[in-house]
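Thanks for coming, everyone. Please bring up the structure, and we will walk through it together.

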Amino acid sequence: MGQPSNSRYQAVRRFARRNDITFVLPERVYEELTVDDPDVEDVPVDAAIDEGWATVAAPLEFSEPVVSRAMDGVQRYIANADDRPADEVERADAALAALAAQYLSAGTATEVYIYTTDIAAGEGAETVLASEGYGDSVTFVNGFRFIEDLVAGDS
């Protein structure tokens, strides 16, 4: 989304506020979005957290079988889609599905929207969570298309 001054960032912020939405990020995704670069003073995801429309979830509960199955299943799905070993797949993408599984199985959420620019991760999340019985509760949102549509709607 870029920096808070960027039109894409501002469009997502307006969407979240208008719809009273808080984007929940697994720790792994948060870590991927932050950089350890002394030249970067304002990390956009930290600004979103400070503004209250994004938050970092508590650690994933891998002791819950559905959370582990979702994580492993999405990693395998991405690996098959990209034709590479599952242990080479970035775990942040699979953590989105694991977090969704955790919220759905605990009853914390009855429906989840998984926003990602990784098509295989999004499709994998829908597929794996459907196999766990949550097919009607999960929607993959293509992050690139989502932002394009928001920005186009604002112009």
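The protein chain has seven helices and four strands. Helices here are DSSP runs of H or I with at least four residues, strands are runs of E with at least two, and numbering starts at the N terminus. Along the sequence, the pattern reads α-β-α-α-β-α-α-β-α-β-α.

A word on the source. This is a predicted model, where local features need pLDDT of at least 70, side-chain atom pairs count only at pLDDT 80 or more, and totals for chains, interfaces and linings use all residues. Residues are numbered from 1 along each chain as its sequence is written, and side-chain values use heavy atoms, leaving out hydrogens and water.

Now the overall dimensions. The C-alpha trace spans about 40 × 35 × 30 Å along its principal axes.

Next, a helix pair. Two packed helices are described by the angle between their axes and the distance between the axes. Take α4, residues 65-82, and α5: their axes come within 8 Å and cross at roughly 145 degrees. Those axes are lines fitted to C-alpha atoms over the stretch in contact, with angles from 0 to 180 degrees between N-to-C directions. Which residues meet? From α4, they include Val66, Ala70 and Val74; from α5, they include Ala94, Ala98 and Ala101. Contact means heavy atoms within 4.5 Å. The residues of this contact divide into eleven nonpolar, three polar and two charged. Ala, Val, Leu, Ile, Met, Phe, Trp, Tyr, Cys and Pro count as nonpolar, Asp, Glu, Lys and Arg as charged, and the others, Gly among them, as polar.

Last, the largest pocket. A pocket is an open set of points on a 1 Å grid over the protein atoms alone, where a 1.4 Å probe fits, with protein on both sides within 12 Å along at least five of seven lines; lining residues have an atom within 4 Å of a point. How many residues line the largest pocket? The count is 38, with Phe23, Leu25, Leu96, Tyr115 and Thr116 nearest its centre. Helix α5 gives the largest share, six residues. By type, the lining has 27 nonpolar, five polar and six charged residues.
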